[in-house]
Amino acid sequence: CQWDAAQVQNPTGFRSDKSWDPDCGPNAHSFNQSKSIFQHPDTKKFVGELVQRNTDGEAIARGSKFKINDYTGPHNDSLDYRVLTFLWYLCKDWNPEWGGALVYGSALPEKAYVHASYNTMALFSVGLYSSHLVTTISPHSAGNQRMAIGGWYTSSIESITAKTIDDPLEDLYATRVQRRNITAFGAEYLKSLPIGAIKNKDRRQKIFDIVQLVQAENERPKGDPTMITL
């Protein structure tokens, strides 16, 4: 790898040029066509089935442009209604030695690196454990830019708030895997439910315990400098 020691960046930092706005200018028509594909109901259904998540909300797409020394520090994308992150690489003839790799923290080491490759797409389910970063762009990239269209699929607020204490919450969130699929907003909504109104004492306690587990498993330790939310 053709990197110098001087290129080592603060791992908790964030440095990239987000000024590339494909929604205007000469590429606007192509970008809007691409965005319409991401937002199409069939696409949302397809990607939702891939990750077994509810993607009935908005599909958000935006352009990103990484130049020399740009990078992102560790973050998990877990914000509001997000359930799935996508990243469509548009950088032709990109050399992996130039950096710009997506590094997924929860993957096995041999599968953690996803190098930017033209016209390929990276997808992953969003949650507390979806920590990832983008490695620094090397000066050896000689002015080439890691360009991509990325964004998120979301669950609608209606589908999240449709759950009540009359639903079988003890079955819906019984396992750690099920609880990991709750959106950031969903975790807060679950905490707001009137659990005290459940008449059956045993069930009330069980739901209370589940809500506590959800909060514990979805809360980042205070003062943790290794994770930011973008």
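In the predicted model, Leu87 stands opposite Ala122 in β7. Strand β4 (residues 82-89) and β7 run antiparallel and are joined by five bridges; strands count as paired if DSSP finds at least two bridges between them. Buried denotes a relative accessible area under 20%, exposed one over 50%, and partly exposed the range in between (1.4 Å probe, protein chains only).

Residues are numbered from 1 along each chain as its sequence is written. Because the model is predicted, local features need pLDDT of at least 70 and side-chain atom pairs count only at pLDDT 80 or more, while totals for chains, interfaces and linings use all residues; side-chain values use heavy atoms, with hydrogens and water left out.

The secondary structure comprises seven helices and nine strands, where helices (H or I, at least four residues) and strands (E, at least two) are DSSP runs numbered from the N terminus. Of the 230 residues, 42% count as buried. The protein exposes about 12600 Å², of which carbon and sulfur atoms supply 54%; accessible areas were computed by the Shrake-Rupley method with a 1.4 Å probe, and for residues only the protein chains shown count as cover. Among contacts (heavy atoms within 4.5 Å) between residues at least 6 apart in sequence, 84% join residues at least 24 apart.

A nonpolar surface patch is formed by Phe46, Leu50, Met121 and Leu123, with about 380 Å² of accessible area together. Two or more residues of this patch come from each of α2 (41-51) and β7 (121-125), and Phe46 is placed in helix α2. Patches are made of residues with over 30% relative accessible area and no salt bridge; like charges are joined within 9 Å and nonpolar side chains (Val, Leu, Ile, Met, Phe, Trp, Tyr) within 5 Å.

Ile182 lies in the loop between α5 (176-180) and α6 (184-192). This residue, Ile182, is buried, with a relative accessible area of 6%. Its C-alpha atom is separated by 10.0 Å from that of Asn54, 128 residues apart along the chain. In α6 the buried residues are Gly186, Ala187, Tyr189 and Leu190. Seen down the axis of α6, these residues fall within an arc of 165° and so line one face of the helix; the arc is that of the directions from the helix axis to the C-beta atoms.

Three salt bridges were counted, each defined as a side-chain nitrogen of Lys or Arg within 4 Å of a carboxyl oxygen of Asp or Glu. One of them lies in helix α6, where Lys191 and Glu188 are three residues apart, about one turn of the helix. The closest N and O atoms of Lys191 and Glu188 are 3.4 Å apart. Lys191 is partly exposed at 45% relative accessible area, and Glu188 is partly exposed at 43%.

Lys67 forms a salt bridge with Asp70, with the closest N and O atoms 4.0 Å apart. Lys67 is partly exposed, with a relative accessible area of 30%, whereas Asp70 is buried at 2%. Arg203 and Glu170 also meet in a salt bridge, at 2.9 Å from N to O. Arg203 lies in helix α7 (residues 201-218) and Glu170 in helix α4 (residues 169-172), so the pair ties together parts that are 33 residues apart in sequence. Glu170 is buried, with a relative accessible area of 18%.
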